[in-house]
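Please go through these notes with the model open. They start at the ligand and then move to the rest of the chain.

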Amino acid sequence: MNEKAVVIEAPGEPERLELVDVEVGAPGPGEIRIRHHACGLNYIDVYHRNGSYALPLPARLGMEGAGVVEAVGEGVTHLEAGDRAAYASQPPGAYATARVMPAKCVLKLPEAIDFETGAAMMLKGLTVQYLLRKTLPQGGLQAGDFVLFHAAAGGVGLIACQWARALGLQLIGTAGSDEKCQLALENGAAHAINYRSEDFAARVRDITGGRGVKVVYDSVGADTWEGSLNSLAPFGLLASFGAASGPVPPVNIGSLAAKGSVYVTRPTLFTHIASREATQAMGDDLFDMVASGRVKIRIDKRYALADVAEAHRELEARRLTGSAVLLP
Ligand SMILES: NC(=O)c1ccc[n+]([C@@H]2O[C@H](COP(=O)([O-])OP(=O)(O)OC[C@H]3O[C@@H](n4cnc5c(N)ncnc54)[C@H](OP(=O)(O)O)[C@@H]3O)[C@@H](O)[C@H]2O)c1
């Protein structure tokens, strides 16, 4: 069968993304071969494409997918041919009709969750899982606590709004338009701030009675860094987990004392899903949140795999909300 995959020969603009014919062989030890029914679109794919996160070239792209396992290699015991499955995983290569990949981070997809939802939720949902469950200030988070979550109407953001509501947290979401703020509120944010038209740190002080939030989850980076530090309560935690607006400037560590003995971390999902056991435990938590309806995965845009360049343009231009999938 003729298989297709998206490759780049060099980093650059979306035009670099090429859909080409590829051979997909048999899985080796610890690997599976999976036929994708849907592939996820994520901001990390933009960093891979434009070279912010350098990949060996030529490179395949895509970190998230769902489909049917066609074959398993030696030593793979948690999956078998015919299983419905979904993943967020290294190495890139999910933008493809089918692929061979390590089995470690691939999970059985519960019957209640369809393939498009599976492809739309794994990388983003596992990220929210480790942020809200494990990336916590000293003493943890309790119901009623305020957290600040940037880009709250995006793929990760809308899952975070709902998950935070389920935990009883008061999530203050930021977004780049009034319409996006409305969407964040409809999905569980307690407050929403349009950070293109308002000083979000000042609004956070108003909302929290001057105290600030216990945690800021910041995936915007350069544009929000200073305001995020200024939004923290004493001993608060700034979790910088992305840089959609550009990299965070070098940190003056002394400023962390001045801001109130605050903490800063720069987590990545891939540390959290380093083992199969950890991936399964996090996945089970995510599946439970979705299957129970506490978190609904919004797929606001579907693209043919061949239209991947258009998908990247729209993602970078901040025209998307919720999750988007590519259909092979
Ligand atoms: N570290 C990790 O483990 C991890 C894992 C998953 C995702 N992430 C990060 O989480 C973020 C969200 O990922 P996602 O895939 O769900 O994407 P997304 O939130 O759907 O899209 C990114 C959003 O960032 C906002 N943004 C602010 N300034 C921007 C700028 N200058 N250019 C482009 N976008 C800008 C936009 O929302 P507004 O218009 O509302 O501002 C945009 O919609 C990304 O930064 C991603 O790298 C990190």
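1. The ligand shell. The ligand is surrounded by 28 residues, where near means a heavy atom within 4 Å of the molecule. The closest are Tyr130, Lys180, Tyr195, Leu269 and Arg318. By class, 15 shell residues are nonpolar, nine are polar and four are charged. Here Ala, Val, Leu, Ile, Met, Phe, Trp, Tyr, Cys and Pro count as nonpolar, Asp, Glu, Lys and Arg as charged, and the others, Gly among them, as polar.

2. Basis. This is a predicted model: local features need pLDDT of at least 70, side-chain atom pairs need pLDDT 80 or more, and totals for chains, interfaces and linings use all residues. Residues are numbered from 1 along each chain as its sequence is written, and side-chain values use heavy atoms, with hydrogens and water left out.

3. The cut-off is a pair of N or O atoms within 3.5 Å. A side-chain N or O atom of tyrosine 195 is 2.5 Å from a ligand oxygen. For tyrosine 47, a polar side-chain atom lies 2.9 Å from an oxygen atom of the ligand. Glycine 155 uses its backbone: an N or O atom there lies 3.0 Å from a ligand oxygen.

4. Burial. Taken alone, the ligand exposes 910 Å², and the protein buries 92% of that. The areas are Shrake-Rupley values with a 1.4 Å probe.

5. The ligand takes up the space of the largest pocket. A pocket is an open set of points on a 1 Å grid over the protein atoms alone, with protein on both sides within 12 Å along at least five of seven lines. A molecule sits in one if more than half of its atoms lie within 2 Å of its grid points.

6. Which elements supply the shell? Those giving two or more residues are helix H1 (43-50), helix H2 (115-134), helix H3 (155-166) and helix H10 (308-316). H2 gives the most, with three residues. Elements are DSSP runs numbered from the N terminus: helices (H or I) of at least four residues, strands (E) of at least two.

7. Salt bridges. The count is 19, with a Lys or Arg side-chain nitrogen within 4 Å of an Asp or Glu carboxyl oxygen. One of them pairs aspartate 21 with lysine 4 at 2.8 Å, N to O. Aspartate 21 is in strand S2 (residues 18-22) and lysine 4 in strand S1 (residues 3-8), so the pair ties together parts 17 residues apart in sequence.

8. Cis peptides. Leucine 57 and proline 58 are joined by a cis bond, omega about -10 degrees. Proline 58 is in the loop between H1 and strand S4 (59-60). The bond from glutamine 90 to proline 91 is also cis, omega near -10 degrees. Proline 91 is in the loop between strand S6 (84-88) and strand S7 (98-102).

9. Positive phi. Phenylalanine 235 has phi of about 65 degrees, although it is not a glycine. Phenylalanine 235 lies in strand S13 (residues 232-240). Arginine 318 has phi near 60 degrees. Arginine 318 lies in the loop between H10 and strand S16 (323-327).

Note on methods
Polar contact = N/O pair within 3.5 Å; in protein donor to acceptor, adjacent residues only side chain to side chain. 1 Å grid on protein atoms, 1.4 Å probe; cavity = no way out; pocket = protein on both sides within 12 Å on 5 of 7 lines; lining within 4 Å.
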